[in-house]
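Please read the briefing below alongside the sequence and the model.

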Amino acid sequence: MINLYYPLRSLKEGHWFKLICGASFQHLPAIQNLVLAYALAGADCIDVAADAAVVAAAREALDRAGYLVDAQWQRGDRPWVRPLLMVSLNDGDDPHFRKAVFDPNTCPSDCHRPCESICPAQAIAFTPAQSGVIAERCYGCGRCVPICPFNTISTQFYRFSPANLLPLVLSGVDAIEIHTQVGRQDAFERLWQAIAPVIPHLSLVAVSCPAGDGIESYLRSLYAMMQPQPPVVIWQADGRAMSGDIGDGTTHATLRLGQKLLAAELPGYVQLAGGTNGYTVEKLRSLHLLPPLSPTASDCDPSKAIAGVAYGSYARTLLSPVLDTLDAIVQERASPSVIPESGDGGAIAPTQPATPADLEHYPALLNQAMTLIDTLMSPLKGPGGPAQLGKRSSYTAKLSAR
Ligand code: SF4
Ligand code: SF4
């Protein structure tokens with residue numbers, strides 16, 4: 001096993017924490033605030049859509065997080081390091097790579113709009129400004145589809161174009177994740193051959209796969225075709241996709257799949273996703289599938305333990321109270337109660353400077369976000385991390401000095 005430095009070392013220690021912003025999620029203000037908060041709190045990896053604007057937004061948020069930390073954060077029990085930036089690709093149709101679509105003009109006027117209330121991303125609206133699916137907010141969870149009583153909603157899948165990867169890597173992407181399914185050897189090989197020149201520039205490659213008959217031999221066949229060999233490989237056990245915010249029980253599918261992949265002794269690390277939530281680590285510890293939280297944990301054999309957990313819908317929902325409050329503040333300040341009029345009687349734009357929508361401009365909200373994230377991160381990584389209260393005075397002071 002090669003010697004690894006953080007954040008990759010977290011894999012070896014079984015403390016790897018990945019934030020999944022969503023392979024289809026493109027709402028830039030939310031992405032920036034999620035990335036900033038989770039990066040500050042000590043996430044090891046941030047997984048975003050393979051989209052130039054999303055990558056630029058995430059990179060900027062990581063730069064801002066790096067500005068806010070100070071030297072003491074790099075010394076504590078859990079030193080702060082900049083997380084790896086990952087993008088997700090697919091080798092075929094996959095629920096992570098789709099958007100809901102419907103024509104709101106065809107909706108019966110007496111429909112009580114269950115689609116709007118079930119959407120966890122506020123991606124469906126019926127306002128004069130926006131009606132239907134707000135594409136950049138939709139991350140493809142599919143919950144709106146079966147709930148529509150008139151079968152109005154469908155989904156559109158899309159495929160990542162391999163030619164787009166090199167510019168993303170040149171712009172600062174450190175890692176990729178390939179979403180595949182059992183039986184797609186040919187499609188995976190075509191994608192791999194197309195992106196092979198980029199592989200030596202990456203710190204790691206993750207392969208995400210849901211359960212399927214023969215998954216062990218399928219993933220082994222993928223590993224055999226991975227040339228050049230990536231420095232680090234993660235097998236992401238994709239249990240019940242995009243469901244972690246629904247309830248504790250959603251975590252069981254990824255636990256079962258993770259155990260299966262561990263038993264297969266694949267070369268690389270096994271990490272959970274798909275249905276992960278606040279219950280996942282407790283369950284992993286009760287099954288003795290995580291190394292203990294002690295300094296000797298780095299000696300743990302990764303083939304016998306889960307290397308980490310990726311959180312998607314649960315992590316985003318966890319911060320909803322903070323981000324919703326921030327949205328409300330920004331909207332309220334951006335809408336003056338008296339709109340000035342121009343000489344001809346028409347309304348003109350507010351002359352006040354725009355209200356910053358960046359979370360770090362609101363230290364109380366940022367602290368609230370860090371407290372919430374700590375409930376998710378400390379069980380996996382142990383106490384003493386950047387998200388804990390003692391270290392926060394440094395960035396508050398830095399912000400005040402701006
Ligand atoms: S419920 Fe899911 S699939 Fe439907 S619009 Fe919302 S995020 Fe998109
Ligand atoms: S539930 Fe279906 S019919 Fe009703 S508003 Fe939503 S999309 Fe339209």
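Met-226 is buried, because its relative accessible area is 0%, where buried means under 20% relative accessible area, exposed over 50% and partly exposed in between (1.4 Å probe, protein chains only). This is a predicted model, in which local features need pLDDT of at least 70 and side-chain atom pairs count only at pLDDT 80 or more, whereas totals for chains, interfaces and linings use all residues. Residues are numbered from 1 along each chain as its sequence is written, chains are lettered from A and ligands numbered from 1 in the order in which they are written, and side-chain values use heavy atoms, with hydrogens and water left out.

**Around Met-226**

- Met-226 sits in the loop between helix 8 (215-225) and strand 10; helices (H or I, at least four residues) and strands (E, at least two) are DSSP runs, numbered from the N terminus.
- Leaving aside neighbours within four places in sequence, Met-226 is in contact (heavy atoms within 4.5 Å) with Phe-188, Trp-192, Val-207, Val-233 and Trp-235.
- Ile-199 and Met-226 are 27 residues apart in sequence, and their C-alpha atoms are 9.4 Å apart in space.
- The loop between helix 8 and strand 10 is also the place of Pro-228, and the peptide bond from Gln-227 to Pro-228 is cis, with omega near 0°.

- Strand 10 (residues 233-238) is mostly covered, since six of its six residues are buried.
- From strand 10, Val-233, Trp-235 and Ala-237 point one way, while Ile-234, Gln-236 and Asp-238 point the other way, and all are buried.
- In a regular strand the side chains alternate between the two faces of the sheet.
- Strand 9 (residues 204-209) pairs with strand 10 in the parallel sense over five bridges, where pairing requires that DSSP finds at least two bridges between the two strands; Ala-206 has Ile-234 in strand 10 as its bridge partner.
- Strand 10 and strand 11 likewise pair in the parallel sense over five bridges, and the bridge partner of Gln-236 in strand 11 is Gln-271.
- Strand 11 (residues 269-273) is largely enclosed by the rest of the structure, because five of its five residues are buried.
- Tyr-269, Gln-271 and Ala-273 point one way from strand 11, with Val-270 and Leu-272 pointing the other way, and all are buried.

- Leu-219 touches Val-207, Cys-209, Trp-235, Leu-261 and Leu-266, not counting residues up to four places away in sequence.

- Of the 13 residues around ligand 2, Cys-107, Cys-111, Cys-115, Phe-126 and Cys-148 come nearest, where a residue is near a molecule if one of its heavy atoms lies within 4 Å of it.
- By class, the shell around ligand 2 has 11 nonpolar, one polar and one charged residues, with Ala, Val, Leu, Ile, Met, Phe, Trp, Tyr, Cys and Pro counted as nonpolar, Asp, Glu, Lys and Arg as charged, and the others, Gly among them, as polar.

**Backbone details**

- A cis peptide bond, with omega about 5°, joins Tyr-6 and Pro-7, and Pro-7 lies in the segment before helix 1 (9-13).
- Arg-113, in the loop between strand 4 (98-101) and helix 4 (114-118), has a positive phi of about 60° although it is not a glycine; Arg-113 counts as partly exposed because its relative accessibility is 37%.
- His-288, in the loop between helix 10 (280-286) and strand 12 (308-311), has a positive phi of about 55° although it is not a glycine; His-288 counts as exposed because its relative accessibility is 68%.

**The protein as a whole**

- The protein has 14 helices and 12 strands, and 50% of its 402 residues count as buried.
- Of the contacts in the protein with a separation of 6 or more, 79% are accounted for by residues 24 or more positions apart.
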